[in-house]
Every structure is written in structure tokens, then in C-alpha cells.
Amino acid sequence: TALCDALAASDRVRLGAISVELVEGAEPGLYLTMHDYGDLPLYMAVVGRQIVVEAMLWPVSQVRDPVGFNEELLRTHKLFPLSTLGIETIDGEAVYIMFGALSSASSLADVLFEAETLADNVIRATEAYEWHLREAA
């Protein structure tokens with residue numbers, strides 16, 4: 001709740017570049033809409049002593065050759081600073097995600113920087129890896 005309030009009071013949210021919404025549940029989190037990045041949705045949660053920010057890229061089933069693609073990801077992931085690529089199961093489906101993490105003691109400026117860096121990296125990754133997909137992302 002404190003992180004949501006701090007983000008809501010930030011210039012980026014007040015000026016309309018980002019929307020933030022508290023998601024209630026067993027493990028509450030934040031849903032951010034990055035308007036400067038085509039309304040890209042990000043999920044942010046405080047997990048222990050870190051803040052995790054993540055975005056879903058696409059389902060594994062949408063990749064033409066997952067084994068070859070996974071190898072390329074492992075060889076090129078350093079092209080996306082402060083972000084990591086992985087596979088997670090969401091609603092029973094394996095999906096590629098991109099995420100970043102920082103200390104829960106980080107400044108609000110650092111949290112916003114992480115969210116914007118992740119959004120930029122998601123767009124860049126989608127453009128870089130689009131040719132691996134069965135359909136354009």
C-alpha cells in the first residue's frame with residue numbers, strides 16, 4: 001500500500017505516463033500500465049526484501065522452435081540491462097516473462113527507473129525476437 005501511494009504521488013503517474021492500481025489478494029501487488037510504451041502492463045510486488053517488476057512476453061506455444069529460442073535467449077540476454085528472461089506458468093500455460101528486481105529499500109526514483117527500463121527492454125526484446133514467433137507479437 002505504501003509503494004502504491006508513493007507511486008501515485010509521483011510525477012510520472014500524476015502526468016499520465018503511468019497508471020497504477022493496487023491488486024488485492026493473498027499476495028497484494030501493483031498493476032502498472034506504461035502509457036508511454038503502448039499501454040504495456042507490468043506487475044510489481046514486494047517479495048521479502050526485494051521488489052519484483054515483471055511483464056509477460058508471449059506463450060511458449062507461440063514460439064516456433066522453443067529449444068533453439070531458449071539457446072538464443074541464454075546467449076543474448078545481456079542485451080537487456082537490469083532485466084532477466086524466464087519461463088513461468090500463468091493460468092496453467094507456460095509463458096516467457098521478463099523481469100527485474102531491486103531492494104525493497106530502494107528509492108522511489110530507482111523503482112520508477114526499474115519499471116521504465118523493464119518496459120523499454122520488453123519493447124526491444126519483442127522487436128529482437130519477433131521472428132521466432134509463429135505470429136507477430
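The model is predicted: local features need pLDDT of at least 70, side-chain atom pairs count only at pLDDT 80 or more, and totals for chains, interfaces and linings use all residues. Residues are numbered from 1 along each chain as its sequence is written, and side-chain values use heavy atoms, with hydrogens and water left out.

**Overall build**
- The protein has four helices and six strands (DSSP runs numbered from the N terminus: helices are H or I, at least four residues; strands are E, at least two).
- From the N terminus, the order is α-α-β-β-β-β-α-β-β-α.
- The radius of gyration, taken over C-alpha atoms, is 15 Å, close to the 14 Å that the globule rule gives for 137 residues, so the protein is as compact as a globular protein of that length. The rule is 2.2 Å times the number of residues to the power 0.38.

**Burial and charge**
- Buried residues make up 40% of the 137 residues (buried is under 20% relative accessible area, exposed over 50%, partly exposed in between, with a 1.4 Å probe and protein chains only).
- Side chains count 8 positive and 21 negative (Lys and Arg against Asp and Glu; His and the chain ends are not counted).

**Helix 3**
- Helix 3 spans residues 66-76, and its buried residues are Phe 69, Leu 73 and Thr 76.
- These cover an arc of only 85° around the axis, which puts them on the same side of helix 3 (the arc is that of the directions from the helix axis to the C-beta atoms).
- Exposed Val 67, Leu 74 and Arg 75 sit on the face turned away from that buried side.

Methods
The place of a charge is taken as NZ of Lys, CZ of Arg, CG of Asp or CD of Glu.
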